[in-house]
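Good morning, and thank you for coming.

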Amino acid sequence: PQVITSDFFESAAYYFDGVWDSITENERILMGIIAERQEGTWTLDELAETMKTHPALEKFSTLKETIDLLKRHDVITEEKGIVRFAGELMRRWVVDKKSG
């Protein structure tokens with residue numbers, strides 16, 4: 001049987017909305033960028049390069065600070081220079097949020 005049903009996803013959205021409402025605009029932008037890749041995996045170098053070319057990222061103080069904030073919210077993980085969502089469901093929710 002399918003574990004992640006539309007009802008489950010809608011129920012999880014309540015939690016995700018709470019996270020989204022409690023983070024900064026910089027964190028939302030970074031989450032949106034990370035979510036663009038289906039596998040949701042980036043290197044720190046790739047994200048740093050993206051910051052240079054993404055107009056909305058001019059507001060970032062540092063990539064490291066923003067990543068640390070998202071890690072504190074348990075939204076993303078960063079290990080050995082690889083950044084990804086802590087869970088695929090959150091990545092999918094961000095993709096849906098950006099497209100909606």
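A salt bridge, as I use the term, is a side-chain nitrogen of Lys or Arg within 4 Å of a carboxyl oxygen of Asp or Glu. Please bear in mind that this is a predicted model. By that criterion, Lys64 and Asp68 form a salt bridge, with their closest N and O atoms 3.1 Å apart. Both residues belong to helix H4 and lie four residues apart, about one turn of the helix. An α-helix has 3.6 residues a turn, so residues three or four places apart point the same way.

The whole structure holds seven salt bridges. Another of them joins Lys97 to Asp17, the closest N and O atoms being 4.0 Å apart. This pair connects distant parts of the chain, since Lys97 is in helix H5 and Asp17 in helix H1, 80 residues apart.

Let us stay with helix H5, which covers residues 88-99. Its span from first to last C-alpha is 17 Å, close to the expected 16 Å. Here Arg92 forms a salt bridge with Glu88, at 3.3 Å between the closest N and O atoms. Glu88 and Arg92 also belong to a network of salt bridges that includes Arg91. Which residues of H5 are buried? They are Leu89, Met90, Arg91, Trp93 and Val94. Arg92, by contrast, is partly exposed, at 45% relative accessible area.

I close with two loop residues. Asp74, between H4 and strand E2, has a positive phi near 60 degrees and is exposed. Lys80, between E2 and strand E3, has a positive phi near 55 degrees and is likewise exposed, with a relative accessible area of 80%.

How values were computed
Residues are numbered from 1 along each chain as its sequence is written. This is a predicted model: local features need pLDDT of at least 70, side-chain atom pairs count only at pLDDT 80 or more; totals for chains, interfaces and linings use all residues. Side-chain values use heavy atoms; hydrogens and water are left out. The expected span of a helix is 1.5 Å times one less than its number of residues. Buried means under 20% relative accessible area, exposed over 50%, partly exposed in between (1.4 Å probe, protein chains only).
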